[in-house]
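Hello,

Here is the structure I promised to pass on to you. Please open it alongside this message, and then read on for what turned up in it.

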Amino acid sequence: MVDSAESNAAVWKSEASVAQWVATEEERERARAWPRRLLAELLPFAETEEFTFVDLGAGTGAAARAVLDRYPSSTAVLADYSSQMMEEGRRALAEYEGRYRYVEIDMAAGRWPDDLADDLQAVISSLCVHHLTDDRKQGLFREIFERLASGGWYLNYDPVSVDDPAVAETWQRVQDRRDPEAATKRANRTPEEEARWQNHIRHIIALDPQLGFLRSAGFEAVDVYWKELDHVIFGGRRPPA
Ligand SMILES: C[S@@+](CC[C@H](N)C(=O)[O-])C[C@H]1O[C@@H](n2cnc3c(N)ncnc32)[C@H](O)[C@@H]1O
């Protein structure tokens with residue numbers, strides 16, 4: 001049996017899947033402009049402050065770009081395990097040359113690059129933590145906490161699930177209203193699209209346990225800072241010394 005980490009890697013390290021993802025990225029990003037901006041604004045830095053943040057599962061850098069735009073003196077460390085996504089990212093980040101670098105990390109394994117061992121000023125992640133098992137979500141939040149400087153923030157933008165079928169139905173109804181072709185697309189997925197979809201939803205869980213993971217890792221100021229239907233921005237900070 002293929003395990004979930006392997007099938008996730010098969011999606012994100014496949015030229016074809018990444019090409020398909022990148023081809024549709026611009027359209028998806030149009031709907032995400034506001035949460036991208038808000039995540040940047042939630043970071044507690046002054047407009048002109050020099051700081052470095054880490055974007056975990058950065059992909060082509062959509063979340064990092066929002067932060068780099070908001071804080072012109074900031075620099076980013078983009079962490080991912082897909083060389084295909086990093087290659088696409090280098091194209092997307094051309095105008096940020098000198099303000100970012102990519103590092104390799106496998107969030108499912110919990111091994112971090114040596115130069116991200118401590119004192120991180122801020123960590124963000126978007127649309128990737130849901131690819132991890134619950135154990136690894138919890139482990140990752142602990143690892144982030146241990147590596148953050150005192151007072152450093154972690155913010156995560158991700159989809160969540162819900163147990164109440166009436167709520168799930170409501171989320172779907174609104175999404176289908178926004179994309180009138182959604183129901184047809186759902187019913188007519190190619191085998192590749194179905195595999196990508198199953199990989200996408202496999203480890204999505206509800207919000208509450210994830211807030212609990214943050215709190216038990218030691219974070220304070222834990223909150224859901226934004227929510228629209230099944231997408232949320234949540235996070236917290238390592239207590240100041
Ligand atoms: C849906 S994309 C999101 C990319 C970007 N954060 C964004 O918001 O557009 C998911 C990203 O997570 C990365 N990823 C998935 N599992 C990972 C893992 N175990 N370790 C490191 N990166 C991973 C993928 O390579 C991909 O770049």
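**What surrounds the ligand**

Sorted by class, the shell around the ligand holds 11 nonpolar, five polar and three charged residues. Please keep in mind throughout that this is a predicted model.

Which residues come nearest to the ligand? Of the 19 residues around it, they are Asn8, Gly57, Asp80, Met107 and Ser126.

The side chain of arginine 36 has an N or O atom 3.0 Å from an oxygen atom of the ligand. On the side chain of aspartate 106, an N or O atom is 3.0 Å from a nitrogen atom of the ligand. The backbone takes part too: a polar backbone atom of alanine 108 is 3.5 Å from a ligand nitrogen. As for cover, the ligand taken alone exposes 590 Å², and the protein buries 98% of that.

**The sheet**

Next, please turn to the strands. Seven of them make an open sheet with mixed pairing, in the order E3-E2-E1-E4-E5-E7-E6. Strand E3 (100–104) and strand E6 (220–228) are at the edges; each has a single partner strand, so one side of each is left without a neighbour in the sheet. On average, neighbouring strands of this sheet are turned by 20° against each other, ignoring direction.

Strand E1 (residues 52–56) and strand E2 (residues 75–80) run parallel and are joined by five bridges. By contrast, E6 and E7 run antiparallel, with six bridges between them. Here glutamate 228 stands opposite histidine 231 in E7. How many residues lie between E6 and E7 in their hairpin? There are two, and leucine 229 in the turn has a positive phi of about 50°.

Enjoy looking around, and write back with any questions.

Best wishes

Technical notes:
Residues numbered from 1 in each chain as written. Predicted model: local features only at pLDDT ≥ 70, side-chain atom pairs only at ≥ 80, totals over all residues. Heavy atoms only, no water. Near = heavy atom within 4 Å. Polar contact = N/O pair within 3.5 Å; in protein donor to acceptor, adjacent residues only side chain to side chain. Areas by Shrake-Rupley, 256 points an atom, 1.4 Å probe, with all protein chains shown as cover. Nonpolar A, V, L, I, M, F, W, Y, C, P; charged D, E, K, R; others polar. Pairing = 2+ DSSP bridges. Helix = DSSP H or I, 4+ residues; strand = E, 2+ residues; numbered from the N terminus. Axes fitted to C-alpha atoms, helices over the stretch in contact; angles between N-to-C directions.
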